[in-house]
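Me: I am new to this structure. Please take me through one part of it closely, then show me what lies around that part.

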Amino acid sequence: MRTLFTRTEERPKITPMTYAVDTRAVHAGRADLAELGVHALPLDFSTTYPMHDQVAAGAALGAFADGAATAATPVYQRLYNPTTARFEQALAELEGTEAAVSFASGMAAITAVLQAACLMSDRRHVVAVRPLYGGTDHLLSIGLLGLTVTWVDQDEVARAIRPDTGLVVVETPGNPTLGLVDIATVCIQAGDVPVLVDNTFATPVLQNPARLGAAYVVHSGTKYLGGHGDVLGGVVACAEQRAGALRQVRILTGAVLHPLAGYLLHRGLATLPLRVRAAQATAATLAVRLAVHRGIGKVHYPGLPGNDPRGLVGRQMRGPGAMIAFETTGDAAAVVAALRLITPAVSLGSVDTLIEHPALLTHRLVDAEGKQTGGITPNLLRMSVGLEDVDDLWADLDQALTAATRATLAVAATVASPEQVPPAPVLPAPVLPSAVPAAPDAASAVPAAFDDEFAALTGSGAASATSAQAVNGSAPVPA
Ligand SMILES: Cc1ncc(COP(=O)(O)O)c(C=O)c1O
């Protein structure tokens, strides 16, 4: 008879990767629930686990200290928790790996991989491909863990490998400019050196890096896995042989996932494929509309022509995803300030659409060279498309881009010929998104008056005074 907290190795598994991802997302880590007589995931908050047989308890503690996944008793929550262990099993089933090890956050997960792969093996050199999430970039750059890093293009990984290289780090799609890295090619170049792929943006729905040779597949669970903006967590999917060292690090550093977070992340997995595909469909539409908007200089989206030179969408990734980055012609920060519906916040993968200014926020601490290599310009915005109606989102983006571009052009005109300042344009009254009619195509969403204004004042390509000043510390010189 199974008990409510049956140990991981005794729990039946649905055969990894034989069912479609939608089926695995719903059933992974739950195969024994019917037998247990429960429908919802069991949630155990115990910090300690009583055991009269102290010798057996000691043996269990020793097994965990050696990196075991389970033992006769959990002993203590920092060593094992049945709720987070269920989430780990489910995530491993989605990624197609033997094991997964959860952490308190995505950064804790990345740190643990660096500690396990580099510090525990005394190979303290890392090869990394930019761009990476700003926190990861900063962690590597400042040498906090005593590691040195060589930043390379994805085609230069082989040349950068040294005898003391412990890890290769890539992120694809990359945060924030959504460039794709060819995982299989990087893994071949890395040879025996393990490769960490941050799969946060793609999710296991769109990409399974372990199948392409990645040794560590990392997720900030805070994003799509949880999916509702209410849980912080991280996880590493990998072979059991690598998982032991990660568990040892976790026990010693204490960077454990809270059981409630494990429960919420596991619950989030069930709707992950639906959420990702719905958001992706909306993102694809928005990317096309943005690409022809007057207020946009450039759109970064793997699904747009020219944005995937290596042909990885379809081959490596099962879709272009739901993240978009774009460069505005007006002040990027002013665009965000003018939004009414879209949530102005860092993070991503939530049910609501989130937008943020990478140079000011997520990538603020990336050094100047890193910003340049990563394409993190003062006019760049990153948007995580959510589950709202596509036309409501478009109406909000259109009005904000139009207002910000008008304001920038008006400033440029004032500076160019102060005595001929045109009267302030009469902007349409703000319309509630729900009352906005569907924009049939992007071009028709640009008001005619705005087109004329743009033509009259054109030539500026006007850099954002406000954002550029904040990022670079100096105002752009008006053309
Ligand atoms: C791609 C990526 N990896 C890792 C992280 C870090 O995750 P967390 O915030 O859960 O520590 C983030 C956070 O934004 C991210 O975007």
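How many residues does helix 5 have, and what does it reach from its first C-alpha to its last?

Reply: A caution to begin: this is a predicted model. Helix 5 has 14 residues. From first C-alpha to last, helix 5 reaches 19 Å. That is close to the 20 Å expected at 1.5 Å a residue. Helix 5 is also mostly covered, with 13 of its 14 residues buried.

Now look to the ligand. There are 15 residues around the ligand, and those that come nearest are Ser 105, Gly 106, Met 107, Tyr 133 and Ser 220. Helix 5 (106-119) and helix 6 (134-141) are the elements that give two or more residues to this shell. By type, the shell divides into 9 polar, 4 nonpolar and 2 charged residues.

Helix 6 leads on to the strands. Strand 2 (residues 125-129) is mostly covered, and 4 of its 5 residues are buried. From strand 2 the chain crosses through helix 6 to strand 3. This β-α-β crossover is right-handed.

Strand 2 has two partners to follow here. With strand 3 (residues 148-152), strand 2 pairs in the parallel sense over 5 bridges. With strand 4 (residues 165-171), strand 2 pairs in the parallel sense over 4 bridges. Here, look for Val 126: its bridge partner in strand 4 is Leu 167.

Note on methods:
Residues numbered from 1 in each chain as written. Predicted model: local features only at pLDDT ≥ 70, side-chain atom pairs only at ≥ 80, totals over all residues. Near = placed C-beta within 6 Å. Nonpolar A, V, L, I, M, F, W, Y, C, P; charged D, E, K, R; others polar. Buried ≥ 20, exposed ≤ 12 C-beta atoms within 10 Å, placed from the backbone. Pairing = 2+ DSSP bridges. Right-handed = clockwise from strand over helix to strand, strands pointing away. Expected span 1.5 Å × (residues − 1).
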